[in-house]
Each structure stands twice: as C-alpha cells, then as structure tokens.
Amino acid sequence: MTSHTFTFMGTGAGCGVPAFFCDCKACEEARHNPKARRGDCSVMITGSKKVLIDTPPDLRHYLIRENVRSIDRLLYTHAHYDHLGGLGELEYMSRLYTKEHISTYASNRALSTINHEFHYLKDILDEHELEPYASFTYDDVNYTALPVQHAPGTYGYLIETPATRLFYACDTGKLPDETAKLVKDCDILILDGTYWERSWSPETHNSIQGAIEQAFKLNAKKFYPTHLAMHYDTAISLAELEAYVAQYEGRVEIPYDGLSIAI
C-alpha cells in the first residue's frame, strides 16, 4: 500500500502575507518571522506520484522549496488569478524535461478560463472536464469534485486514501447542503478562513470563526483553516491566532506554507 502526504504549498489569500503594500501587524510580523509568511493557496498530494491542486503565481518558489522536479497530475479548484497565474511555470517542465502532456482536471468553467488566459499552452495540457460530483482514482487516491460557494464552477476536493478522508476547499463560503452531507465526519477538513471576525464577502468566503463553526457541525476530527488573509476585517498576528485556537486543544491547527501531513 502506497503511503501519502498532503503538503500545504501555500496557505494565503490573494495578496499574500506580507502584502508588499501593507504595514499591518500581521504583515510586519511576517517580515520578521518566516513561518508567518503566506503565499497563494495550493496543495500537493504525494505518493508514488505527485498531484498538484492549483498553480498560483508563487508556484516556482513552492516547487523549489519542496524539491519537486515534476508534476504527474494537475487539478484546479477554480481559475481566479491567485490559483491559476503560475501555470506558465510548468511549461518548460513539459516541453524540455518530461516531454509529456500535463494531465489537467477542472470544471468546464475553469478549463474555459485556462484556455483563454494560457491559450499558448493548450498543446501541452491533456484536459479532463470534471462534472460536479465526478470522481477518479489515481495513485491509490480517490478524488471527488464537490461544488462549493464561490465563483461558478468552483470545486473543493474530497480526497480519500485507504487511511484518510480529507476535504479541501480553499475558496468557499458556507458549503452547499449536498457537499456538506458528503464531507461529514471527515478525518481532516480544510476550509477557507479568509477573514478574522467579519467576512467582507460571506457568500464566497468564510471568517475563521465561521469556518471553525462549520467544521464542528460537520464533525471533522481535525480542522485546518486556509486561504488566510490575516489583514482583514481586523488584522491578527499568527501568534494571536495560534493563541486563539489553543482553546480547541489540538482539534484546530493553523497551517503554514510547507506543512506536510500524512494521509
């Protein structure tokens, strides 16, 4: 049986932490504490193969940090810039190194955007359209695309290994009822926790408090908030956030860029 790891390649919202233009306490903390720095969201599932979810603008730096030489499968949650913008970093891996197409899975809406924004890469992408609730198995892992509340065609992924049920939805508001039913009682739940206290866009993003409330209602054994802005509505430092989640006695953990967990 293949063992697998799940790596948080990036855990931040669109502008990252620190944002180059921001001097809030979260950004100032991150300028002095590397663990508090966050790039745009992406994750990687590693067994005998490597599956990457999303290609943010920071992707090249992530791959170098994790000593990754090639990607075997590519999945997209959606095609906003902070999840798509780094696709070009994989071009020369395909053309010069692996000399193979990149198997790419996404919703119809996401594939349409990818083909528009990166039309010059269409010849290296082996595209697979995923319908809502569609599943496929690769490297002893089952992936199911579940609709979430964000842009049209946005998915979270239910990721099931022989040992673990994990749900990852980096951009979402409250989960749709059918998706919530399917991810109840997960071993690991990872949800959008963009905002601290008040969510500026509650239909499409969660506050950290709201995400924790959802996770407990879904009876997740372990919860990680991701897509952390740290700046808004009220800025919060990593030190303060870790002190806040300590009340949950390990059931809630704040991830950092590069954190790997066994699944």
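# Exercises on ring pairs and a mixed sheet

A search of the whole structure, which is a predicted model, finds 13 aromatic pairs.

**Exercise 1.** Classify the pair formed by phenylalanine 8 and tyrosine 224, and state which parts of the chain the pair links.

*Solution.* Begin with the geometry: the ring centres of phenylalanine 8 and tyrosine 224 are 5.5 Å apart, and their planes make an angle of 50°. Centres within 6.5 Å count as a pair, and because planes under 30 degrees apart would be stacked and those over 60 edge-to-face, the remaining class is tilted; the pair of phenylalanine 8 and tyrosine 224 is accordingly tilted.

**Exercise 2.** Are phenylalanine 8 and tyrosine 224 buried or exposed?

*Solution.* Phenylalanine 8 has a relative accessible area of 0%, and tyrosine 224 has one of 5%. Because buried means under 20%, phenylalanine 8 is buried, and tyrosine 224 is buried too. Both residues also belong to a cluster in which ring pairs link Phe6, Phe8, Tyr168 and Tyr224.

**Exercise 3.** Carry out the analysis for tryptophan 196 and tyrosine 244, covering geometry, position and accessibility.

*Solution.* The centres of these two rings are 5.0 Å apart and the planes are at 90°, which makes the pair of tryptophan 196 and tyrosine 244 edge-to-face. Tryptophan 196 is found in the loop between strand E11 (188–192) and helix H7 (208–217), while tyrosine 244 is part of helix H8 (residues 238–245), and the pair therefore ties together parts that are 48 residues apart in sequence. As for accessibility, tryptophan 196 is buried at 10% relative accessible area, whereas tyrosine 244, at 25%, counts as partly exposed.

**Exercise 4.** Describe the open sheet formed by six strands, and say which strands are its edges.

*Solution.* The order of the strands is E7-E8-E9-E10-E11-E12, with mixed pairing. The edges are strand E7 (135–138) and E12, each of which pairs on one side only. Neighbouring strands of this sheet are turned against each other by 20° on average, with direction ignored. Within the sheet, strand E8 (residues 141–147) and strand E9 (residues 155–160) run antiparallel and are joined by six bridges; leucine 146 stands opposite glycine 156 in E9.

**Exercise 5.** Across which strands does H7 lie, and at about what angle does H7 run to E11?

*Solution.* H7 lies across E11 and E12, and its direction is at about 150° to that of E11.

Conventions
Residues are numbered from 1 along each chain as its sequence is written. This is a predicted model: local features need pLDDT of at least 70, side-chain atom pairs count only at pLDDT 80 or more; totals for chains, interfaces and linings use all residues. Side-chain values use heavy atoms; hydrogens and water are left out. Rings of Phe, Tyr and Trp (its six-membered ring) pair if their centres lie within 6.5 Å; planes under 30 degrees apart count as stacked, over 60 as edge-to-face and the rest as tilted. Helices (H or I, at least four residues) and strands (E, at least two) are DSSP runs, numbered from the N terminus. Buried means under 20% relative accessible area, exposed over 50%, partly exposed in between (1.4 Å probe, protein chains only). Two strands pair if DSSP finds at least two bridges between them. Axes are lines fitted to C-alpha atoms, for helices over the stretch in contact, and angles run from 0 to 180 degrees between N-to-C directions. Contact means heavy atoms within 4.5 Å.
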